[in-house]
Amino acid sequence: MGSSEDHAYRLLNEYANGFMVSQVLFAACELGVFDLLAEAPGPLDVAAVAAGVGANAHGTELLLDICVSLKLLKVETRGGKAFYRNTELSSAYLTTVSPTSQCSMLKYMGRTSYRCWGHLADAVREGRNQYLETFGVPAEELFTAIYRSEGERLQFMLALQEVWSVNGRSVLTAFDLSVFPLMCDLGGDFFKDPLPEADLYILARILHDWADGKCSHLLERIYHSCKPGGGILVIESLLDEDRRGPLLTQLYSLNMLVQAEGQERTPTHYHMLLSSAGFRDFQFKKTGAIYDAILARK
């Protein structure tokens, strides 16, 4: 094989084995490896980690060494024995004591999203989410399926909270919001419940869950509740106008097919939805992070 064929085959294997990398991350979080190392007075050997997380020593060693290769852990050898500790990445994002912890999101992805993605081909064929096939839960009422147990609901809410511990500042500072003294961060059943009056309504990762018709209905409700001169701040991961990137946003959009009813959208698509509801002065800013910001006024 030539060098270009070698590269193509390596790339193919990287893609094909990507699910294994995800599962290493999910499993290490589920077992509590990073928390154990964070609480320890110093680096721990395999036996100590295995005992601490209640796992088999051989399996633990394999997991720890892969985490080192993935730069999730560091290892040092003393007296012929390996000792493991967290990296800056795992200390910041993979320990529950960190203010920027992403553990709940990763556990949610491992327990729920990953399992739904096992039915991706069916989702593409059928054009609908896969909660029924994955968990036996009908998904006509989307969040009844997402909140299919109290534990799952709490896991999901914690996961969303963690996302904003990292991404919140970039989207909330994208525009000068000081002209909006009263802000409403929408949650609850916003399709049915009365909406409180506010100067600014914040929709953070809400519109991407829903098809255009439901988005339009919600935006019209907000428009009618919004004070004159008030506004709406939409926080989403924006697709490029040709819809061929960024890759992460494309994956999120496919996830909306697998787990929800909507999709990720381009700025022009959001402009259309907002202007149809009556909003004007449309602005959007790419933050350079995962999530972007859109501001429009009544």
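Which residues gather in a patch of negative charge on the surface?

## Charged patch

The residues are E140, E141, D189 and D193. The model is a predicted one, in which local features need pLDDT of at least 70 and side-chain atom pairs count only at pLDDT 80 or more, while totals for chains, interfaces and linings use all residues. Residues are numbered from 1 along each chain as its sequence is written, and side-chain values use heavy atoms, with hydrogens and water left out.

A patch is made of residues with over 30% relative accessible area and no salt bridge, with like charges joined within 9 Å and nonpolar side chains (Val, Leu, Ile, Met, Phe, Trp, Tyr) within 5 Å. Asp and Glu count as negative, Lys and Arg as positive, and His and the chain ends are not counted. The place of a charge is NZ of Lys, CZ of Arg, CG of Asp or CD of Glu. Accessible areas come from the Shrake-Rupley method with a 1.4 Å probe, and for residues only the protein chains shown count as cover.

E140 sits in the loop between α9 (131-135) and α10 (142-146); helices (H or I, at least four residues) and strands (E, at least two) are DSSP runs, numbered from the N terminus. With a relative accessible area of 63%, E140 is exposed. Here exposed means over 50%, buried under 20%, and partly exposed in between (1.4 Å probe, protein chains only).

## Salt bridges

Side chains of opposite charge can pair when their charged atoms come close. The structure holds 15 salt bridges, each a side-chain nitrogen of Lys or Arg within 4 Å of a carboxyl oxygen of Asp or Glu. E76, R78 and R85 are linked in a network of such bridges.

Within helix α8 (residues 120-126), D122 and R125 lie three residues apart, about one turn of the helix. They form a salt bridge whose closest N and O atoms are 2.8 Å apart. D122 is partly exposed at 25% relative accessible area, whereas R125 is exposed at 64%.

K214 and E261 form another salt bridge, with the closest N and O atoms 3.3 Å apart. K214 is in helix α12 (residues 212-225) and E261 in the loop between α13 (247-259) and α14 (267-276), so the pair ties together parts 47 residues apart in sequence. Both are partly exposed, K214 at 35% and E261 at 28%. For D240 and K286, the closest N and O atoms of the salt bridge are 3.7 Å apart. This pair links distant parts of the chain, 46 residues apart: D240 is in the loop between β6 (231-236) and α13, and K286 in the loop between β7 (280-285) and β8 (292-297).

Five of the five residues of strand β5 (residues 200-204) are buried, so the strand is largely enclosed by the rest of the structure. In a regular strand the side chains alternate between the two faces of the sheet. In β5, L200, I202 and A204 point one way, and Y201 and L203 the other way.

Two strands pair if DSSP finds at least two bridges between them. Strand β4 (residues 183-185) pairs with β5 in the parallel sense over three bridges, and C184 stands opposite Y201. β5 also runs parallel to β6, with five bridges; G231 is the bridge partner of L200.

## Antiparallel sheet

An open sheet of three strands has the order β1-β3-β2, with antiparallel pairing. Its edge strands, β1 (44-45) and β2 (73-78), each pair on one side only. Six bridges join β2 to strand β3 (residues 81-86), and E76 has F83 as its bridge partner in β3.
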